[in-house]
Amino acid sequence: MINKIIDGICIAIHSEFGDDYEIYTETVEQGLKEPCFSVVCVNPASEQFFGKRYFRTNQLCIHYFPSSSDKKTECCAVLERLMDALELISIDGDTVRGTAMHGEFVEDVLHFFVNYDMFVYKEQSRGPAMENVKYNSNVKGN
């Protein structure tokens, strides 16, 4: 599910910002092309709610690496656009709302946090169905 959330975020970012911004979902050691985004899940958790229902909290962090010399101004403009673009994302055709959105500026990089929390239902795999049943019954009459 986490990978599907990351895919939904990437689609929403691409729709908002276009092809001029690279979007990374894996760690990049060298060759980061700015301006760009990096999407990572930082704090996933799952708690059993009732029966086979679980409540999943998925906190994600979108890093934005600015390219201009006026990095704070660029990051503030991107922060506003991210809040709008990531309020609702699509996951497998369902719309999911982002909550607890906030940003932090650390060493001229924007760290934008958003949660996509949801209930999931775990299906149990069933064994093979019984094909044939043989039984013998003797009924005694009066």
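**View 1. Strand β3 of the predicted model is hardly covered.** Among the six residues of β3, the count of buried residues is zero. The strand spans residues 45–50 and, like β10 (118–121), it is an edge strand that pairs on one side only.

**View 2. Strands β3, β4 and β10 make up an open sheet of three strands.** The order in this sheet is β3-β4-β10, and the pairing is antiparallel. The edge positions are taken by β3 and β10, and from one strand to the next the twist averages 35°.

**View 3. The hairpin of β3 and β4 has two residues between its strands.** Five bridges join β3 to β4, which covers residues 53–57, and the two strands run antiparallel. Within the hairpin, Gly-51 takes a positive phi near 60°.

**View 4. Lys-4 and Asp-92 form one of the three salt bridges that the structure holds.** The closest N and O atoms of this pair are 2.9 Å apart. Lys-4 is partly exposed, with a relative accessible area of 41%, whereas Asp-92, with a relative accessible area of 58%, is exposed. The two residues fall into these classes because exposed means over 50% relative accessible area, and partly exposed lies between that value and the 20% under which a residue is buried.

**View 5. A salt bridge between Arg-81 and Glu-16 links helix α2 with helix α1.** The side chains of Arg-81 and Glu-16 meet at 2.9 Å, N to O. Arg-81 belongs to helix α2 (residues 71–85) and Glu-16 to helix α1, so placed that the pair links distant parts of the chain, 65 residues apart. Arg-81 is partly exposed, with a relative accessible area of 32%, and Glu-16 likewise counts as partly exposed, at 32% relative accessibility.

**View 6. Arg-97 and Glu-87 meet through their side chains in a salt bridge.** The N to O distance in this pair is 2.9 Å. Arg-97 lies in strand β7 and Glu-87 in the loop between α2 and β6, ten residues apart. Arg-97 is partly exposed, with a relative accessible area of 47%, and Glu-87 counts as partly exposed at 35% relative accessibility.

How values were computed
Residues are numbered from 1 along each chain as its sequence is written. This is a predicted model: local features need pLDDT of at least 70, side-chain atom pairs count only at pLDDT 80 or more; totals for chains, interfaces and linings use all residues. Side-chain values use heavy atoms; hydrogens and water are left out. Two strands pair if DSSP finds at least two bridges between them. Helices (H or I, at least four residues) and strands (E, at least two) are DSSP runs, numbered from the N terminus. Axes are lines fitted to C-alpha atoms, for helices over the stretch in contact, and angles run from 0 to 180 degrees between N-to-C directions. Buried means under 20% relative accessible area, exposed over 50%, partly exposed in between (1.4 Å probe, protein chains only). A salt bridge is a side-chain nitrogen of Lys or Arg within 4 Å of a carboxyl oxygen of Asp or Glu.
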